[in-house]
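Subject: Structure handover

Hi,

Here is the structure for your files. Please open it first, then read the notes below.

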Amino acid sequence: MEIVLSLAIGVLVASGVWLLFRPRTFQVIIGFSLISYAVTLFIFSVGGLRIGAPPILDPAVKDVSAYTDPLPQALVLTAIVINFAMTALFLVVLLASRGLTGTDHVDGQETTEQ
Amino acid sequence: MPTSFLLLALISLPIGGALLASWLPTYARNAAATLAATVTLACLLCLAMLQGVSAEGVRADIPWLPSIGINLVFRLDGLSWLFALMITGIGALVVLYARYYMSAEDPVPRFYSFLLAFMAAMLGVVMSGNLIQLVIFWEITSLFSFLLIAYWHQSANAREGARMALTTTAAGGLCLLVGMLLLGKMAGSFDLDVVLSAGERIRAHDLYLPALILILIGAFTKSAQFPFHFWLPHAMAAPTPVSAYLHSATLVKAGIFLLILLWPVLSGTDAWYVLVGSAGMATLLIGAFAAIYQHDLKGLLAYSTLSHLGLIMLLLGLNSPLAAVAAIFHTVNHATFKASLFMAAGIIDHETGTRDMRKLSGLIRYMPLTASLAMVAAAAMAGVPLLNGFLSKEMFLAETIAQSSSPQFSYALPALATLASAFSVLYSLRFIHKTFFGPPPVDCPHTPKEPPRWMIFPIAVLVLICLVIGIIPGLTIAPLLNAAVVAVLGDNTPYYSLRIWHGFNPALALSVIALVSGILLYVCFRNRINANPRGAPPFLHRFQARRLFDSLMARLVMLARFMERRFSTRSLQPQLRLLVLVPLIIGLIIVATSGGLSISTNVQAVDPFFALLWLVGGVCAVGAAYQAKYHRFVALILMGGAGIVCCLTFVWLSAPDLAITQLLVEIVTTVLLLLGLRWLPVRREDLRKETRRSKIRRGLDLSVAVIAGLAVAALTFAVMTRPAANSISSFFLERAYSEAGGRNVVNVLLVDFRAFDTLGEITVLGVVALTIFAILRRFRPAQEAMATPRQQRWQNSFDSDHATRDVGQTLREYLMVPRVVIQWLFPIIIVFALYLFLRGHDMPGGGFIAGLAMSIAFILQYMASGTRWTEAHLRVLPVTWIGLGLLIATGAGVGSWLFGYPLLTSYFQYTDIPFLGTVPLATAMLFDLGVFVLVVGATILMLVALAHQSIRKPRVVETDTDTTEEDALPAPEPEAETLQTERPD
């Protein structure tokens, strides 16, 4: 399981990094989102992978090791919401920049090379 | 009254006064002066009440950052009491003087506000019991002295002088901060009392020399010591009350105070002797020599201030307790006579309209009172017997003789000291003789006369002090001086006597030599000095410190420009490449040097379905990357696919809360990006041209991306397979149910254990939503994106081709069935969202999830029925929701204060509710409600603000503001300037 998830995170990061280096704003925004997936999965995986462990407390089961680790989950939950806000802000800024400069190049002006 | 209360009152009174004064009307001169006078008198009263106890030292501690040993500590001992007395006493006199000096056209309340704030900062410096706190107040004095010097900001000289003073003193302040950090490290504490008792250890420490140099740079810049003395004469562009205050008793004495304060810790070494002594000696001579040649009254006083500060520094540098006593004594004396002389110079300027000594003459006829007072003060500055300046100057001369046995200086020290004293006699004499005696002035702008009585009063008080200290020192200054000296020297306090007459001794001889030679020099050279066209001393005028300073600043700016040109770019791509490459390389180096990642084989068996799932996810991600340029819509769908795979991963790995959140966010993000797609330019793949250079670049980018992916994959694997670390999670698991009454630990973490983080997070969310709203209000889409979308044109042309149809009918009938279904679904989704919210504490759900679900209910209505229909039927006020959500969440947190608990403490109990059974009710639920409401508002605001762009009328329609639109939503504004630029002329 671990190897699959690691590779998955690697692929997400590679695709995201590639897009970050592209000149068009929409590419950067997609790249940013892909890296966000990778980061949330990474933080989540720090707590260890548990399959089928209960996430909800049962007063009868006192042993804490029976449950999943709630801490990375709480961190990731806020991270997902903030990612959404970042993406939204980024999108609006790029739209505004597109409206002002007439181009969707990340620098607000076309260069001779792409 | 408890002493700690008095201490705090002493510092907070001027702060409060400064704030009050800043709120007064711009020209309320009398009100501001009354306020400032009341505040300073109250401070003096506090000081008087503290005088008795301060001899033993009092302190008030307020915990601030106790975990790293930084607290607000205010302390008062004999030394700081004496300085506080000078600050408040001379402050009170300056307040009175300034009332008559400042013109009614000046914004006087601002002046008093700055003055009081500066006074508070100075009091903070002398009363600080913590090194860091002292530096903070120190920097505040720099800032307010900047504002005070630049008070007449319409004058270029004032701005220039203020900038120079701030640059120098603030840069010194930074050095001081580093020095203090080193000092604190050596002493093991930032508490002043601890530092003061660790002198031995500090002087023997390796860091002593760097710390000493840094602290001295701080003190020298503040007290205008050579080579940092250049800013002080330029600061004379300030109003005279400011000069009288800053350059006699306060700002420039801060450096002196610091060195006196740290004298027991830092002095006694050769480094101290050489550095402090030589800087003091150089400043003493340069200042005294330059003062002789000044034609400007204030310029003369400024350079004489330099020389007296140098004198005090030199005394401190002599490493002898007796010299330290003389230094403290001379500090007080200098403050009294220099403040009164500045005020007298101000009166002359005020009444004659000039400060140029070449134009002034014979003023004693017109202003006998001012003249007599100024003469006494100048005599004190020259060191004439029966005045306070004589006493301390004689102590100084005696000390130089006592030190001359040491080989470094031998006879040079007393000789140079006597020379400087002779210069001081010379310029004092010139000041008095040129201004007040001789024929009546010929080209004065005004006819001179005595100023108002209350303007002379402060000078009279100060001159009286000079006289009283000079004649009966034992009855006046002695106890105060003694308290200060004991506070600094403790058991090392030497025997000293403050009598006028010590018999015939070498010091008296030097005094007499200085007096006589000063008078003789004046008689011989006065015509030459007065005729000197430059008003600057010979030899030294070549070394214009100001020019050096200016060229240094210019070079700094040039260097910065060069660096920016060379190393900076406004282009995003190189910056992002750097951002990725630098951590990647650093990470690889760290891994390589620490022997590689420890990869364990402790893994769980691979589930083939999970692998298949991520095969799909990976293809989606790579596909999104590949298509993002020419096929944005495809890329967006593929990205959503990767998101869904993430969501399923969370389900698989026992994280239901995350899975739900991810799913909902995925939906909202996709809708959002879809809304944005319309405004992006069409990109045509057939126009693509590939150059060799771009191919190389893409190849490089691809390899960096692959390496980064591999590195992160390896890192993730290493992290996941490492032995389970000792985590704090068990704490939350054990207490979630027993202490917070919730069984869904993730939700309990969010709304209870880490509620403060969540509060911050929802605030960010609200701020982002409002920012988006604000940006979109001014949004101007590109011209080619303004046309009606292709699909709508098709629909409309279909309508117009068929005679039976109206134009727009197809659009209205479009998605008829889904629209009805979604309208019916609206209440169901809302109920479902409320259900998710209510069960959040015990089951997957909660404020975030419910809020997202609820906002999707609204967005679906917008999508299916269109913006106009939805807003005609639903009142959506997202901004109000955001505000309400923040209020509820904060209120739920603040509510615990009412019961005496810290912020965001939650309370819960199980309650029996009929029909529902036992239900846990926690105040955290209320907090979660705030989260819920805010998330609904923020999400809707973001999406709807973007959606509204499509129905905005094109800007060329001038007057049209669509009145059917909610005022809370971005409406097109008829903007004058935009319209103007768009009209072809």
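Predicted model: local features only at pLDDT ≥ 70, side-chain atom pairs only at ≥ 80, totals over all residues.

**Backbone points in chain B**

Asn319(B) sits in the loop between helix H15 (297-317) and helix H16 (321-352) of chain B. Its phi is near 65°, a positive value in a residue other than glycine.

Leu386(B) also has a positive phi, near 75°, and is not a glycine. Leu386(B) belongs to the loop between helix H17 (368-382) and helix H18 (388-403) of chain B. Leu386(B) has 14 C-beta neighbours inside 10 Å, so it counts as partly exposed.

There is a cis peptide bond to check as well. It joins Phe226(B) and Pro227(B), with omega about 5°. Pro227(B) lies in the loop between helix H9 (208-222) and helix H10 (231-234) of chain B.

Tyr626(B) is part of helix H25 (residues 608-627) of chain B. Tyr626(B) is partly exposed, with 16 other C-beta atoms within 10 Å. From Tyr626(B) to Leu680(B) is 54 residues in sequence and 18 Å in space, C-alpha to C-alpha.

**Helix packing around H38(B)**

Take helix H27 (residues 656-677) of chain B and helix H38 (residues 923-947) of chain B. Their axes come within 9 Å and cross at roughly 20°. H27(B) and H38(B) are therefore roughly parallel, as the angle is under 35 degrees. The crossing is left-handed. On H27(B), the contact uses Val668(B), Val671(B), Leu672(B), Leu675(B) and Gly676(B). On H38(B), it uses Thr939(B), Met942(B), Leu943(B), Leu946(B) and Ala947(B). By class, this contact has 8 nonpolar, 2 polar and no charged residues.

H38(B) also packs with helix H35 (residues 847-865) of chain B, at an angle of about 30° and with the axes 8 Å apart. That makes H35(B) roughly parallel to H38(B). Here the crossing is right-handed. Residues of H35(B) in the contact include Phe848(B), Leu852(B), Met854(B), Phe858(B), Ile859(B) and Tyr862(B). Among those from H38(B) are Asp928(B), Phe932(B), Val936(B), Thr939(B), Leu943(B) and Ala947(B). The contact divides into 16 nonpolar, 4 polar and 1 charged.

Thr939(B), Leu943(B) and Ala947(B) of H38(B) take part in the contact with H27(B) and in the contact with H35(B).

**Chain A**

Chain A has 3 helices and 0 strands. From the N terminus on, its elements run α-α-α. The C-alpha atoms fill a box of roughly 65 × 25 × 15 Å along the principal axes. The radius of gyration of chain A is 19 Å, whereas a compact globule of 114 residues would be near 13 Å. Buried residues make up 61% of the 114 residues. Of the contacts in chain A with a separation of 6 or more, 55% are between residues 24 or more positions apart.

**Interface**

Best regards

Technical notes. Residues numbered from 1 in each chain as written. Chains lettered and ligands numbered in written order. Axes fitted to C-alpha atoms, helices over the stretch in contact; angles between N-to-C directions. Helix = DSSP H or I, 4+ residues; strand = E, 2+ residues; numbered from the N terminus. Parallel < 35°, antiparallel > 145°, perpendicular 65-115°, else oblique. Left-handed = near helix turned anticlockwise from the far one by under 90°. Contact = placed C-beta atoms within 7 Å. Nonpolar A, V, L, I, M, F, W, Y, C, P; charged D, E, K, R; others polar. Rg over C-alpha atoms; globule rule 2.2 N^0.38 Å. Buried ≥ 20, exposed ≤ 12 C-beta atoms within 10 Å, placed from the backbone.
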